[in-house]
Amino acid sequence: MENDLSADFYDVVVRGGRVATASDVFVADIGIRDGKIVQLGSDLQPGRTEIDARGRVVTPGGVDAHCHLDQPSPPPVRMADDFDTGTLSAACGGTTTVIPFAAQQKGHSLVDAVQDYHRRSEGKAHVDYAFHLIVSDPTPTVLNDELPGLIKKGYTSFKVYMTYDDLKLDDGQILDVLDIAKRHGAIAMVHAENSDCIEWLTKRLEAMGRTAPRFHAHSRPMLVEREATHRAIALSELVDVPILIVHVSGREAIEQIRWGRAHGLNIFAETCPQYLFLTAEDLGIDDSYHGAKCVCSPPPRDKANQQVIWDGLKDGLFTVFSSDHAPFKFEGTEGKKPEGKEVSFRHIPNGIPGLETRMALLYSEGVLSGRISLEKFVELTATGPAKTYGLHPQKGAICIGADADLVIWDERDVVIKNANLHHDVDYTPYEGMKLKAWPAYTLLRGQVLWDGKSFVGPRNQGRFLPAGRPSVLPHPNLS
Ligand code: URP
Ligand code: ZN
Ligand code: ZN
């Protein structure tokens, strides 16, 4: 085998950084060849390209395991980011792998949805990507033919919804989908909110004329999330298969997850920046329509719940920290104001942008503010999601043989301004927020994509990643 003494062995050497993994922090040079990490050590031979990381922290490139890009929406609504602008934004914020959703529409084939999503992504992505599936119509064909076939081909995670009329499944349908996950080695993600309670509350609010954006939070109080989280856990217990509860917003859902775990159940959980940095007040303290910018589901809660989420990040309750980037413009006719109109909260597209800010928000306010360790940061933003969704150790790791996806951090004062971001959304919910760090470099498979000022990498080189068996599942011989 060749070794690093041959001239020009390394394409790139990232020199002397504090390398952080999910388990350790150590000073090392990282030798990269053909897009892979091939050596970790000290005093490596010079590479054809040298990147000086001395005095800086180096982490794995971020894996954003929950984002929505170019996902078809009922007209006139349209997502602002496709694979081009979305993955550009990801790269400039330190994320090198994204996992958006190929969404089945009721009455249509899931396989067709996957093919359509490949057409939307092919040749357009600037970082690597896998797909989750959204199962909205689990017909016998979908359950018995399509899903098993897709799992074999590398689509090993799927989301089910307990709310949204065009997506939701009833409990029996969820059980059917969980059973397929169990038998074929996939992980189900659950959007846990009680649809009927939301509809009942929404009608009452509308009858009282309470239709401003802030009433979105009133229509989805934490009990609707608590009840659905408990029900999802019970369904997972019945089928005896792990599940992951997505976008957990606060204490009551967390209590249910802790309850499930205390009863020996494999319940995994994800949270997102909006539950650490926004509150229901960001949806408006009066009836201003600007609150539409922060309408997402579940809605952000209050300061006390933010603290509960921080506690869960620190103590292992969460395995995944994702953006849930769901990009809709505020102005115009296709986003938060459908057809240019200020509509009732019921009709405001749900979701907020966050792909580019996810990593820096947690690095700055988590690591540099002393709330979580560097190892925990890596676990939550890269290693945990890569393991959960069958991409590890190719992704989410700094080890020999892994893809050389890296972030080199610049610890400096930064003010978040939408004008400096690269998504195609006309606002960020974090405008004006002061951070203590931003990526100095993002590398994808050894190539610099972001140099701290602009996107400098080759475009459209993002590759599709067929996912393997999620490592959070029991060993196949035991399941
Ligand atoms: O409000 C949200 N979270 N929108 C995106 C879709 C989803 O449920 O994740
Ligand atoms: Zn959801
Ligand atoms: Zn989402």
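In the chain, residues 24 or more positions apart account for 77% of the contacts with a separation of 6 or more, where a contact means heavy atoms within 4.5 Å. This is a predicted model, in which local features need pLDDT of at least 70, side-chain atom pairs count only at pLDDT 80 or more, and totals for chains, interfaces and linings use all residues. Residues are numbered from 1 along each chain as its sequence is written, and side-chain values use heavy atoms, with hydrogens and water left out.

**Stop 1: the whole chain.** Show the C-alpha trace, which spans about 75 × 50 × 45 Å along its principal axes. Next, switch to cartoon view and look for 12 helices and 20 strands; these are DSSP runs (helices: H or I, at least four residues; strands: E, at least two), numbered from the N terminus.

Stop 2: Of the 479 residues, 60% count as buried, that is, under 20% relative accessible area with a 1.4 Å probe, protein chains only.

Stop 3: You will find Lys-159 in strand 11, residues 157–161. Is Lys-159 buried or exposed? Lys-159 is buried, because its relative accessible area is 1%.

**Stop 4: its neighbours.** Which residues does Lys-159 touch, not counting residues up to four places away in sequence? Select His-66, Phe-101, Leu-133, Ile-134, Val-135, Met-189, His-191, Val-246 and His-247 to see them.

Terms used
Chains are lettered from A and ligands numbered from 1 in the order in which they are written. Buried means under 20% relative accessible area, exposed over 50%, partly exposed in between (1.4 Å probe, protein chains only).
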